[in-house]
Amino acid sequence: MKIKVSSIPAAGEDCQEIYIPQVLDLERFDIKVNKPFRVDYHILKEGDEVFVEAKVRVCLEIICARCLDNAELIMEKDYRFVYPVKPTDTIDTTDDLRQEIILDYPLKPLCKPDCQGLCPKCGGNLNRGECKCIAG
């Protein structure tokens, strides 16, 4: 989102932006963002600084680190950015937002917290029931 510093009202402003994931390059080998997502912004200028609060809700398509199934995970996060500015500046929050979203990706994405993973013998998905292999 591009913010023109000279157009920020004294009381601040609320706005929103819809982001296309492919433009932001948010893909990782095990995490994808395939749906556009909305970011709600609150922007406030005080002196020579602009404060930007961003509320993000994005749907992640993951590959579970334990069972290798595909799953969806909703990531909701609030971010705060502070920019030192001059009255003639224009701020672009896009790259900062992109970096923060990627930094908040789970290290080991799981389809559910109690995922049972795969059988070490036959590779069967233990979330679907006990495997039929001889586990002994």
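## Basis of the model

Residues are numbered from 1 along each chain as its sequence is written, and side-chain values use heavy atoms, with hydrogens and water left out. The model is predicted: local features need pLDDT of at least 70, side-chain atom pairs count only at pLDDT 80 or more, and totals for chains, interfaces and linings use all residues.

## Overall form

The protein has two helices and seven strands. Helices (H or I, at least four residues) and strands (E, at least two) are DSSP runs, numbered from the N terminus. Along the sequence the order is β-β-α-β-β-β-β-β-α. The radius of gyration is 21 Å, well over the 14 Å that the globule rule gives for 136 residues, so the protein is more spread out than a compact globule. That radius is taken over C-alpha atoms, and the globule rule is 2.2 Å times the number of residues to the power 0.38. Along the principal axes, the C-alpha atoms fill a box of roughly 70 × 25 × 20 Å.

Buried residues make up 31% of the 136 residues. Buried means under 20% relative accessible area, exposed over 50%, and partly exposed in between (1.4 Å probe, protein chains only). The accessible surface comes to about 8700 Å². Carbon and sulfur atoms hold 51% of that surface. Areas come from the Shrake-Rupley method with a 1.4 Å probe; for residues, only the protein chains shown count as cover. Contact means heavy atoms within 4.5 Å. Among contacts between residues at least 6 apart in sequence, 57% join residues at least 24 apart.

## Salt bridges

Side chains of opposite charge can pair when their charged atoms come close. A salt bridge here is a side-chain nitrogen of Lys or Arg within 4 Å of a carboxyl oxygen of Asp or Glu. The count by this rule is nine.

One of them joins Glu 76 and Arg 57, with the closest N and O atoms 3.5 Å apart. The pair links distant parts of the chain: Glu 76 sits in strand 6 (residues 70-84) and Arg 57 in strand 5 (residues 49-63), 19 residues apart. Glu 76 is exposed, at 58% relative accessibility. Another salt bridge joins Arg 128 and Asp 69, with the closest N and O atoms 2.9 Å apart. Arg 128 lies in the segment after helix 2 (94-103) and Asp 69 in the loop between strand 5 and strand 6, so this pair ties together parts 59 residues apart in sequence. Arg 128 is exposed at 63%, while Asp 69 is partly exposed at 26%.

## Asp 30 and its partner

Asp 30 is in the loop between helix 1 and strand 3 (31-32). The residue is buried, with a relative accessible area of 9%. Its side chain meets that of Arg 28 in a salt bridge (2.7 Å, N to O). Arg 28 is partly exposed, at 26%. The two side chains also make a polar contact at 2.7 Å. A polar contact is a pair of N or O atoms within 3.5 Å; within protein, one must be able to donate a hydrogen and the other to accept it, and residues adjacent in sequence count only if both atoms are side-chain atoms.

Leaving aside neighbours within four places in sequence, Asp 30 is in contact with Glu 61, Ile 62, Ile 63 and Pro 109.

## Thr 93

Thr 93 lies in the loop between strand 7 (90-92) and helix 2. Thr 93 is buried, at 0% relative accessibility. Not counting residues up to four places away in sequence, Thr 93 touches Met 1, Ile 3, Tyr 19, Tyr 41, Val 52 and Tyr 83. Gly 12 is 81 residues from Thr 93 along the chain, and their C-alpha atoms are separated by 16 Å.

## A nonpolar patch

Ile 18, Ile 20 and Val 23 make a nonpolar surface patch of about 300 Å². Patches are made of residues with over 30% relative accessible area and no salt bridge: like charges are joined within 9 Å, nonpolar side chains (Val, Leu, Ile, Met, Phe, Trp, Tyr) within 5 Å. Val 23 lies in helix 1 (residues 21-24). At 68% relative accessibility, Val 23 is exposed.
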